[in-house]
Amino acid sequence: MTSTLSFAVLGPVRAWRGPSEIDLGTRQQRLILALLLARAGGAVSVAELVDLLWEADPPPSAVNVVHRHVGMLRRRFEPGLPTRAAGSVLIRDGAEYRLRIDGESLDLLRFRRLVARAGGSSGEPAVELYREALALWRDRCASGLQAGGRAHPEFVAVDGERFAAARAATDAALRAGCVHAVLPAIRLAAEYEPLDEALQARLLLALAADGRRAEALAAYADIEYRLADELGIQPGGDLRAARDSLFDHDASTDGLRSRRGVGGAALEVSRSTGAEPPAQLPADHPYFVGRHSVVAAAQELLAGDRPATALVIDGMPGVGKTTFAVHLAHQLAARYPDGQLHADLRGFDSGDSVMTPAEALRGFLWSLGVAPAAIPAELHAQAGLYRSILAERRMLILLDNCRDWDQIRHLLPGTGGSLVIATSRRRITGVAGPAGTHPLHLDLLTDAEARELLTRRLGDAAAVDPDAVNEIIARCGRLPLALALVATRSVGRPGLSLPAVAGELAEADGRLAGFGDGHADLESIFSWSYRALTPEAGRLFRLLPLHPAGGLSTEAAAALGGLSLRSARGLLAELGAQLLVVPVDGRWGMHDLLRAYAVELGEEHDDAAERDAAVERVHDHYQLSAYAAHLPLLPQVPLARPEPSGRGITGRGFTDRADAMAWFAAEQRVLTDIVARAKERGRPRGAWQIALAMQNFFQDTAQFTQWAEVVSAGLATAGDDPAARALLHRSLAGACYFLADLDRGLSHLEHARALFDRLGRRAEQGHVENNIAEIRLDQRRYPEAIRHAEAARKLFHAEGNVRGATNALLVIARAQGWLGRHGTALVMFVEARRQFEALGDLHGLGTTQTWLAHTYSMIDDLPHAMATWQQAIDTFRGARAPHHTAEVLVAIGDFHSANGDPALAGRAWSEALAELDGTDSPMARRIRDRLLWHR
């Protein structure tokens with residue numbers, strides 16, 4: 001009969017009778033079989049099996065339970081076997097059990113036989129034998145079956161055989177020159193053992209031998225970061241030697257092996273000769289002048305005994321930092337034959353997102369030939385790969401508009417002959433510390449340099465009227481931006497003489513108050529561009545500073561000016577042509593100095609009624625748009641539709657949920673500013689309605705602190721309006737719930753319940769009862785949770801609110817599951833899933849899928865659990881709800897951890913942490929604690 005049976009333990013434990021798979025029964029029975037299979041026919045004592053099933057404090061009946069499980073396994077292998085019969089497959093010898101099994105019946109024995117044959121062979125035949133052996137593995141030994149949350153030592157030992165075979169296979173493949181045959185198996189083994197330095201060293205060598213040198217460098221950067229982060233150590237000799245071999249162009253294979261002892265063939269890696277070096281420098285400015293002393297200072301820093309590796313140029317706005325940096329880069333480019341990289345880090349762009357170091361590094365690594373799939377996910381690993389590539393090159397890197405030291409420190413080369421030139425509006429703290437990094441301050445132009453600039457731009461006209469040129473220079477304060485604007489306007493008006501230009505500048509008495517002496521004279525310069533505008537564009541320019549905050553969209557500009565979208569686009573294009581606004585990522589930005597100038601113009605030329613009307617129009621636009629944007633997010637309590645604008649303004653329309661979420665993200669700063677300043681602007685109703693409209697956006701993006709702050713500001717404007725106060729208290733309770741402040745959340749819910757009760761609003765009362773039930777669930781007070789959810793369900797049924805009733809059913813099902821009533825819970829979850837699918841409610845559907853998967857896992861239905869968890873992840877990602885996606889991944893990680901698979905658990909938790917990047921979710925801290933605890 002044994003000839004018809006076959007077994008697998010190199011992965012999940014399985015058994016077959018001929019072509020038919022055998023149901024192995026309970027978890028305990030599969031554990032017993034796993035240990036028997038790991039012994040590969042060797043004996044296992046009853047005491048060992050007791051320790052396997054009960055790590056500590058086994059019950060008095062433990063031995064009898066083991067015998068009972070063994071008996072059930074026997075009858076699964078030999079159907080029809082009498083209850084107390086010994087059988088011929090799983091046999092007992094005194095106080096021990098063993099499986100009667102041959103070399104072809106068990107994958108572990110086949111693996112060992114193939115490895116032994118490979119060890120006695122050489123060349124490609126040995127590699128093929130290793131490949132066949134490693135292909136038998138489908139996961140860790142006895143995956144999914146752990147005792148007491150940890151893998152049994154016997155299973156760990158079998159896993160060790162796999163990793164030893166992977167190392168031996170790599171060595172054989174490198175010697176034979178056919179590493180591609182075993183590379184997939186080596187990758188997989190290295191993924192399972194990320195801290196096995198010998199195995200990781202083999203992976204580096206194998207990748208490089210297969211022509212994947214960039215990927216090998218990425219792998220080294222990743223393991224270097226892991227070792228430092230998880231163990232607090234640096235790579236050992238094997239890893240360092242493998243890394244060094246990637247850069248060793250001259251050493252022979254034998255020499256490398258003897259010197260470095262990595263156990264694998266050495267690699268000779270050379271640069272790709274097919275691709276041209278990147279050449280990303282912007283064009284040099286055609287009218288660049290002067291700056292000789294700063295150029296000389298830079299040259300001196302580069303010529304010293306310890307040459308500079310980074311030059312950080314700072315100076316006031318408009319002083320020409322970018323122009324100078326580009327010019328200096330062109331002067332130095334010939335010294336750096338491996339090319340140039342360039343990034344605008346957008347550190348000071350008003351209202352626009354700052355480029356992160358990770359974003360910049362990804363762009364640089366792509367430009368350096370690293371495939372997107374080979375770029376590490378973690379910032380430190382990206383920086384490590386970047387520095388590793390630059391270590392053997394001489395490149396020039398231009399970083400424009402840096403905000404602070406943290407933004408650029410990962411972008412600096414570690415060693416080698418590369419140079420970074422960076423610009424910033426302010427002196428970056430930390431520049432004086434790192435060796436090789438030096439600040440360069442850019443001041444105003446000298447009189448001679450300013451004169452040269454005007455002469456080059458204006459030609460003979462400047463030579464004819466030197467006194468006028470001197471007056472222009474004085475009025476521009478030697479600021480390059482101001483001089484360039486005057487020159488541009490002068491060229492555009494050929495009938496105007498330079499003395500006339502100088503005279504108009506002298507007569508202008510307006511100043512940019514509040515921006516200091518260095519900027520005061522810009523007002524007269526900006527006026528040239530302003531005077532060239534049509535009256536309609538001039539009016540819009542004066543109104544732009546009334547926009548609440550940051551950059552603005554074309555729709556917001558149209559509302560501000562009371563214009564059609566078409567007219568607004570045309571006027572904004574006119575302003576852009578005069579350098580008064582700049583288009584950035586679909587929005588319009590204005591320089592701070594120009595904004596100050598426009599404020600002064602508006603106060604001078606527009607009466608208070610016109611300016612107030614503009615503010616009212618733009619607030620109408622945001623209130624109506626926020627209401628329209630919250631509807632695709634399927635809020636539990638949709639807001640009442642705002643009253644139509646009495647000023648002819650309509651809100652923006654939204655095509656779907658993704659469109660609405662993107663709008664909230666782009667306008668978040670503006671919307672929160674409107675709510676925060678509602679009292680001073682006299683629009684309380686619009687403020688609290690906007691605050692409530694943002695609730696689902698804040699929840700889905702895990703911005704819980706911001707949620708609480710905005711709704712609190714809205715509550716402060718609600719006055720004595722009981723309906724508004726009730727809705728705002730309920731919203732605040734939601735923020736408190738996600739911030740784990742349950743007592744405060746209950747307090748807000750009690751306020752909301754009292755107000756809704758007074759108003760007789762039964763559906764809202766139902767939502768409050770259901771929210772209380774959610775908190776009771778978190779407090780593990782399950783009977784109370786059921787009582788409140790049942791009350792909510794009754795209220796919802798009375799109002800015909802199917803969605804609310806389904807949410808209440810979901811809470812009841814969760815409580816039943818926690819009380820151990822899994823069958824009842826499953827029936828309820830399936831019904832809730834059907835209802836949410838019919839309603840098109842992604843949040844409800846994803847939450848139901850999550851808890852349905854959890855219940856499957858509690859009854860050991862692992863295939864259904866994993867499949868349903870994946871459905872929940874797909875649902876929440878489709879809903880752009882990272883917080884809920886992270887919750888699912890945490891649940892998966894917890895499951896793997898409880899089942900003794902720390903690698904899979906850590907992978908799920910790390911993915912969950914990535915979902916929460918940039919949020920204030922308390923869950924992120926709990927995930928980090930899990931990752932630390934399971935190191």
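## A nonpolar surface patch

Patches are built from residues with over 30% relative accessible area and no salt bridge; like charges are joined within 9 Å, and nonpolar side chains (Val, Leu, Ile, Met, Phe, Trp, Tyr) within 5 Å. Accessible areas come from the Shrake-Rupley method with a 1.4 Å probe, and for residues only the protein chains shown count as cover. A salt bridge is a side-chain nitrogen of Lys or Arg within 4 Å of a carboxyl oxygen of Asp or Glu.

This is a predicted model: local features need pLDDT of at least 70, side-chain atom pairs count only at pLDDT 80 or more, and totals for chains, interfaces and linings use all residues. Residues are numbered from 1 along each chain as its sequence is written, and side-chain values use heavy atoms, with hydrogens and water left out.

Trp 818, Met 858 and Ile 859 make a nonpolar surface patch of about 260 Å². Met 858 belongs to helix α39 (residues 842–858). Helices (H or I, at least four residues) and strands (E, at least two) are DSSP runs, numbered from the N terminus. Met 858 has 33% relative accessibility, so it counts as partly exposed. Buried means under 20% relative accessible area, exposed means over 50%, and partly exposed lies in between (1.4 Å probe, protein chains only).

## Helix α6

Helix α6 covers residues 153–176, 24 residues in total. From first C-alpha to last it reaches 35 Å, close to the 34 Å expected at 1.5 Å a residue. The expected span is 1.5 Å times one less than the number of residues.

## A covered strand, β7

Strand β7 (residues 310–314) is mostly covered, with five of its five residues buried. In a regular strand the side chains alternate between the two faces of the sheet. On one side of β7 sit Ala 310, Val 312 and Asp 314; on the other sit Leu 311 and Ile 313. All of these are buried, and both faces are covered.

Two strands pair if DSSP finds at least two bridges between them. β7 pairs with strand β10 (residues 419–424) in the parallel sense, over five bridges. Here Ile 313 stands opposite Thr 423. β7 also pairs with strand β11 (residues 437–441), again parallel and over five bridges. There Ala 310 stands opposite Thr 437.

## Salt bridges across the sequence

Side chains of opposite charge can pair when their charged atoms come close. The structure holds 34 salt bridges. One of them joins Arg 140 to Glu 193, with the closest N and O atoms 3.2 Å apart. Arg 140 lies in the loop between α5 (123–134) and α6, and Glu 193 in the loop between α7 (183–192) and α8 (197–209), so the pair ties together parts 53 residues apart in sequence. Arg 140 is buried at 15% relative accessible area. Glu 193 is partly exposed at 25%.

Glu 555 and Arg 652 meet in a salt bridge of 3.8 Å, N to O. Glu 555 is in helix α24 (residues 554–561) and Arg 652 in the loop between α27 (608–630) and α28 (657–676), so this pair ties together parts 97 residues apart in sequence. Glu 555 is partly exposed at 27%, and Arg 652 is partly exposed at 23%.

## A buried pair and a network

Asp 700 and Arg 657 form a salt bridge of 2.3 Å, N to O. Asp 700 lies in helix α31 (residues 695–700) and Arg 657 in helix α28, 43 residues apart. Asp 700 is buried at 0% relative accessibility. Arg 657 is buried at 10%. Elsewhere, salt bridges that share partners join Arg 39, Glu 48 and Glu 154 into one network.
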